[in-house]
Amino acid sequence: MLIKTDPAIIAGYLEDASGYTEGCATQVVIPETEAEIAEYLNAASQRREAITISGGRTGVTAGCVPQNGSILSLERFDQLGNIEKTPDGGSILAQSAVRLDTLKATALAARLLYGPDPTERTGTLGGNVATNASGGQCFKYGTTREHVLGLTMILSTGEKLRLERGQSLCKNNILRFPLDSGRNIECQRPQLPTLKVDKNAAGYYSTPEMDALDLLIGMDGTLGVITEIKLKLLPAPAGIFSLVIFFPTQAAALECAGQIRNSSQGNQPIAGIAPASLEFMDIHSLNLLKPNFSTIPAVGQAALLIEQEHTLESEGQALSHWFDYCTDLNVPENLIWFAQTEKDRERIRAFRHALPEVVNTIVRQRKFRKVGTDMAVPESEFPGMFEVYAQGLNASGLEYLIFGHIGECHLHVNVLPKTQAEFDQAKAMYLNFAQQAVQRGGTVSAEHGIGKIKHDFFQLMVGAHGFQEIARVKRCFDPALILNRNNIFPEHFLGALI
Ligand SMILES: Cc1cc2nc3c(=O)[nH]c(=O)nc-3n(C[C@H](O)[C@H](O)[C@H](O)COP(=O)(O)OP(=O)(O)OC[C@H]3O[C@@H](n4cnc5c(N)ncnc54)[C@H](O)[C@@H]3O)c2cc1C
């Protein structure tokens with residue numbers, strides 16, 4: 001096991017993509033085996049040493065950034081197993097530091113698909129599972145959760161937990177976790193308010209019929225150290241093409257998104273319109289991208305980014321369905337980007353990925369954290385929620401952009417403050433947006449998690465009682481309370497470390 005105490009090395013582990021600047025740690029511990037993790041955590045529990053788990057450090061909520069104690073980096077857990085093929089796809093075992101891009105490429109080489117596609121592909125699978133990450137194709141394939149078949153986790157007691165999907169189901173509200181030590185963890189599932197949205201990355205998962213495995217997905221490193229994950233692979237589609245449709249008005253883009261959502265759900269089907277992903281960019285997003293993408297049409301006030309899968313036989317037909325649909329929408333061909341080859345599709349993916357990167361660059365230059373929302377609301381509430389965003393933002397005079405997963409009624413509002421006063425103003429507006437989302441049955445975080453920077457918003461959803469429930473469940477797994485302190489809920493709900 002490597003232990004690094006050089007401040008210059010530690011500094012590299014004190015940042016993720018959140019812009020959080022209060023990171024502090026005494027050392028970085030880099031184990032190579034599960035036994036080393038177990039031994040270190042057990043000893044750390046005895047001496048009440050805070051441990052923060054570090055994956056790819058691409059998180060946007062400072063979950064992997066410690067405020068004190070030691071960093072446990074999983075970087076040497078980077079082995080990917082062989083694919084086990086099955087008639088309906090396959091599965092693969094991955095150590096937690098395997099990067100998402102590595103897994104996706106390996107699956108594709110075997111003509112299989114790993115469904116989740118968070119925009120940032122250098123994140124690790126351990127981080128993706130800990131945050132229940134999701135991406136554009138969540139519209140068709142769901143979040144990371146739906147693709148996890150099993151997990152191995154080392155607890156802060158040093159014990160090992162191995163759990164497969166279907167092995168332990170919630171009974172009478174009790175969750176049971178068998179440990180290799182022979183002991184079982186039994187705890188009542190967290191009693192948290194029921195949401196009206198499926199996509200949620202805020203707090204612990206909890207439903208009456210839940211699989212115990214699902215408690216561990218999206219736990220933000222608060223329950224244990226994930227070392228290995230068994231993931232489901234699906235048959236890869238024979239082909240896929242991407243479209244970017246630019247609209248002369250934002251209203252037209254929003255209306256079109258609603259139609260595509262309806263069609264995909266089979267409510268008001270439009271022939272051939274059932275994409276794998278449906279994303280939105282407003283005019284401010286397009287303006288930020290124009291310096292790097294000069295062919296963005298000047299008349300475009302908003303855009304939808306779409307990926308459509310097809311079989312070999314249906315490719316021509318799938319294409320003509322989309323062009324017919326665009327004709328019906330009165331969108332001329334010069335307002336459509338179309339990508340059929342992998343190279344062209346990569347260009348569109350780069351276009352999408354460039355947006356959060358440009359935003360992060362601005363944030364770094366200005367040295368003010370962006371104020372970025374991550375809320376999803378039920379479909380019936382989406383038009384009203386969008387109106388709330390538009391009115392609040394336009395009246396504020398602040399610099400902002402809106403983009404994201406319109407297919408799941410999950411948009412990111414990013415405000416880019418230039419001064420402390422603007423930051424405070426944006427935070428107050430965010431609180432209002434979060435209140436509105438919660439009142440509408442939505443979540444304050446559909447994909448990024450709560451980490452250390454969104455406690456206030458999460459409290460609107462679950463109240464102090466919810467924090468206490470989450471702390472109660474954490475105590476069952478991490479009795480010394482050393483792991484990822486201050487993630488999801490303020491640490492005073494746990495009491496002092498020493
Ligand atoms: C440009 C950009 C685009 C992004 N796009 C998306 C997107 O589309 N969708 C999305 O969901 N996210 C997105 N993200 C956020 C980020 O990529 C995800 O949250 C990702 O899951 C983090 O993985 P990581 O390995 O970097 O984790 P880290 O940032 O290192 O950690 C995240 C959390 O997971 C915990 N953790 C990490 N590894 C383990 C482990 N082995 N065991 C237990 N806990 C662990 C950490 O302690 C921390 O709490 C984006 C980020 C950037 C910078």
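The buried residues of helix H12 pack against strands E17 (371–372), E18 (375–376) and E20 (410–415), and against helices H11 (382–396) and H13 (455–477). Those buried positions are Ala426, Met429, Tyr430, Phe433, Ala434, Gln436, Ala437 and Val438. Here a residue is buried if 20 or more other C-beta atoms lie within 10 Å of its own, exposed if 12 or fewer, and partly exposed in between, with C-beta atoms placed from the backbone. Contact asks for two such C-beta atoms, placed from the backbone, within 7 Å. Helices (H or I, at least four residues) and strands (E, at least two) are DSSP runs numbered from the N terminus. The model is a predicted one, so local features need pLDDT of at least 70 and side-chain atom pairs count only at pLDDT 80 or more, while totals for chains, interfaces and linings use all residues. Residue numbers start from 1 along each chain as its sequence is written.

As for length, H12 has 20 residues (420–439) and should span 28 Å at 1.5 Å a residue; its end C-alpha atoms sit 29 Å apart, which agrees. The expected span is 1.5 Å times one less than the number of residues. Just past H12, glycine 441 takes a positive phi of about 85 degrees.

The chain splits into domain 1 (2–76 + 473–492), domain 2 (80–235) and domain 3 (239–439), with bounds from an automatic or database domain assignment. The centres of domains 2 and 3, taken over C-alpha atoms, are 28 Å apart.

Now for the ligand. Of the 38 residues around the ligand, Gly55, Gly59, Gly63, Gly126 and Gly127 come nearest; a residue is near a molecule or strand if its C-beta atom, placed from the backbone, lies within 6 Å of it. The shell divides into 11 nonpolar, 21 polar and 6 charged residues. Domains 1 and 2 each give at least three residues to this shell. Strand E3 (51–54), helix H4 (125–131), strand E12 (225–235) and helix H10 (342–366) each supply at least two, and the largest share, 5 residues, comes from H4.

Leucine 125 is found in H4 and counts as buried, with 32 C-beta neighbours inside 10 Å. Beyond its neighbours within four places in sequence, leucine 125 is in contact with Ala94, Ser96, Val98, Leu100, Leu103 and Ile229.

Strand E3 also pairs with E4 (residues 70–73), in the parallel sense over 4 bridges; pairing needs at least two DSSP bridges between the strands. Threonine 52 has isoleucine 71 of E4 as its bridge partner. Strand E2 (residues 27–30) runs parallel to E4 too, joined by 3 bridges, with valine 29 partnered by leucine 72. In E4, Ser70 and Leu72 point one way and Ile71 and Ser73 the other, and all are buried.

Strand E12 pairs with E8 in the antiparallel sense over 6 bridges, and methionine 153 stands opposite isoleucine 226 in E12. Of the 7 residues of E8 (residues 148–154), 5 are buried, so E8 is largely enclosed by the rest of the structure. E8 is also joined to antiparallel E9 (residues 160–164) by 5 bridges. In the hairpin of E8 and E9, with 5 residues between the strands, glycine 158 takes a positive phi near 95 degrees.

Definitions and conventions
Ala, Val, Leu, Ile, Met, Phe, Trp, Tyr, Cys and Pro count as nonpolar, Asp, Glu, Lys and Arg as charged, and the others, Gly among them, as polar.
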